[in-house]
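Visitor: I've just opened this one and I'm new to it. Can you walk me through it?
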Amino acid sequence: MKTIKRSDFTAPWMLVWIALAVRVLYMTFAHTWRFSPIEDHFNFGHEMGRIARAVATGYGYADPFNGHTGPTAWLPPVYPLLIAACFKLFGVYSNGAGWVLLALNSVFSALTIRPLWEIAQRSFHRSVATWSAWIWALYPAFLQYAVKWVWETTLTTWLFTFALVLALRMRGIGEDRHESPTVGEWLGFGLVWAGIALTNPSPLLFLPVAGVWIILGCPLRDWQSQAGKAVLAAVLFIACVAPWTYRNYRALHAFVPLRANFGAELYLGNGPGSNGLEMGWQHPYMAPDQREIYRRMGEVAYSKMRGDAAKAYIKQDPLHFLHNCLLRTFYFWAGVPRTSVRGFWKQYGPDLNFDLITIVGLLGLLLTLTRRIPAAGLYALAFALLPLTYYAVTVSARFRHPLEPLIVIFTVYLFQSAEKRWTIWPWR
């Protein structure tokens, strides 16, 4: 494989600034930062917004729904605390806070170009990196979570893509690297993954796989020393997560490493009457009776109660659970049905775009595996592992976003690899 300069792995900052300008200008002039006051501004951050309001108004990390329901670990702390900081500076549910939060989302989305470029350059070549970066910067489908949603989606995507880059660097993909990963590199790897864990724990299924993949790329004689460095990274990871876990133990009187809502979400996706989508009408934020039970029992006991009910129902009717999982798998890659939208193009246009991106991205991944592109196996494992929790519990279109930088890269590679074929007409 042709060796390239280390500087070639770095995307031009011009692309990042263009991507940021497109996002900030769109959300500013489209007024997407003006969130509806319906349901007391619930669409402004949903549960994260509610927690942020509680923090900003002196109630602590609590109250993920309407009213005062007590301490919570429904969601990990990074993004709700970011919202809370904006609420303190610009006002709770204010337009100023909305603009700043969407601008920050746009920064995270634009910065994703840097690791996206490096992934494409290390595994493929500069042309794939250039086209992938421009598509990420300008294609509307990849802007939406930056300019419309107050949620952690773009931050998680940036962090996960950067974690992939760290793995490629440590494995020496795309360069003639003779030394094994250093302690500093392993500690950086652990630190980035701690940020992911405290933002959105779902990608953590991929963490041990990435760590083992890095070690396996080292000479056999170095495996023992690399395993020791990986343990140091794990210790740093635990040290970063531990304060949040300790807080949860003090506030909720239970061992909650990252978040406490798994049982509740499992029931909403798989309880009686479930159809592959979340049963929102039984969610505490929509159902006053459930919210009252949640408030009375406390979050940990409520989530355990709902989780036990879900597991009992799954055991009673495992085929129904399997059917739901298959539906969620389909929805993850083909798009979630949107019954509330009227008009053919508004309803089916985004779905067709979503499906097209999925198809060409998966075909590009298949081509990458077939041609044994460097790190192809790691990318395939990311596609296999990141969605697993969503297949079993709940699904949304935004859950695919952390994989979309890879999908863009594979799409560009697929089209650039297309070979010209001359058609021989029968009359010639």
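Guide: What follows is a short tour of this predicted model, taken topic by topic.

Visitor: Let's start with aromatics. How many aromatic pairs does a search of the whole structure find?
Guide: The search finds 29 aromatic pairs. One of them joins Phe65 and Tyr294.

Visitor: What's the geometry of the Phe65 and Tyr294 pair?
Guide: The pair is edge-to-face. The centres are 5.1 Å apart, with 75 degrees between the planes.

Visitor: Why give those two values?
Guide: A pair of aromatic rings is described by the distance of the centres and the angle of the planes.

Visitor: Where do Phe65 and Tyr294 lie?
Guide: Phe65 is in the loop between helix H3 (46–56) and helix H4 (78–90), and Tyr294 is in helix H14 (residues 288–297), so the pair ties together parts that are 229 residues apart in sequence.

Visitor: Are Phe65 and Tyr294 buried or exposed?
Guide: Both Phe65 and Tyr294 are buried. Another edge-to-face pair is Phe332 with Trp333, at 4.9 Å centre to centre and 70 degrees between the planes. Phe332 and Trp333 are both buried too.

Visitor: Which cluster do ring pairs link Phe332 and Trp333 into?
Guide: The cluster holds Phe124, Phe332, Trp333, Tyr379, Phe383, Tyr390, Tyr391, Phe399, Phe410 and Tyr413.

Visitor: Is Asp355 buried, exposed or partly exposed?
Guide: Asp355 is partly exposed, with a relative accessible area of 26%.

Visitor: New topic. Which ring does Arg122 lie over?
Guide: Arg122 lies over the face of Phe9, at 3.8 Å from the ring centre. Arg400 lies over the face of Phe354, at 3.7 Å from the ring centre.

Visitor: Back to Phe9. How far is Gln121 from Phe9?
Guide: In sequence, Gln121 and Phe9 are 112 residues apart. In space they are 5.9 Å apart, C-alpha to C-alpha. Gln121 is found in helix H6 (residues 113–123), and counts as buried at 5% relative accessibility.

Visitor: Let's move to pockets. What's the volume of the second largest pocket?
Guide: About 240 Å³. The pocket is lined by 15 residues. Phe189, Leu207, Ala230, Ala233 and Ala234 lie nearest its centre.

Visitor: Which helices supply at least two residues each of that lining?
Guide: H10, H11 and H12 each do. The largest share, six residues, comes from H12.

Visitor: What does the lining look like by class?
Guide: The lining has 13 nonpolar, two polar and no charged residues.

Visitor: Tell me about H11. Which of its residues are buried?
Guide: Helix H11 covers residues 207–216, and its buried residues are Leu207, Ala210, Gly211, Trp213, Ile214 and Ile215. They pack against helix H9 (153–171), helix H10 (183–197), helix H12 (223–252) and helix H18 (376–385).

Visitor: Last one, on the backbone. What is the phi of Asp40?
Guide: Asp40 has a positive phi of about 55 degrees, although it is not a glycine. Most residues other than glycine have a negative phi. Asp40 is in helix H2 (residues 38–41) and is partly exposed, at 39% relative accessible area.

Visitor: And what is the phi of His46?
Guide: His46 also has a positive phi, about 50 degrees, and is not a glycine. His46 is found in helix H3.

Definitions and conventions. Residues are numbered from 1 along each chain as its sequence is written. This is a predicted model: local features need pLDDT of at least 70, side-chain atom pairs count only at pLDDT 80 or more; totals for chains, interfaces and linings use all residues. Side-chain values use heavy atoms; hydrogens and water are left out. Buried means under 20% relative accessible area, exposed over 50%, partly exposed in between (1.4 Å probe, protein chains only). Helices (H or I, at least four residues) and strands (E, at least two) are DSSP runs, numbered from the N terminus. Contact means heavy atoms within 4.5 Å. Rings of Phe, Tyr and Trp (its six-membered ring) pair if their centres lie within 6.5 Å; planes under 30 degrees apart count as stacked, over 60 as edge-to-face and the rest as tilted. A charge sits over a ring if NZ of Lys or CZ of Arg is within 6 Å of the ring centre and within 35 degrees of the ring normal. On a 1 Å grid over the protein atoms alone, a cavity is a set of points where a 1.4 Å probe fits but cannot get out, and a pocket is an open set with protein on both sides within 12 Å along at least five of seven lines; lining residues have an atom within 4 Å of a point. Grid points are joined across faces, edges and corners, and a volume is the space filled by probe spheres set on the points. Ala, Val, Leu, Ile, Met, Phe, Trp, Tyr, Cys and Pro count as nonpolar, Asp, Glu, Lys and Arg as charged, and the others, Gly among them, as polar.
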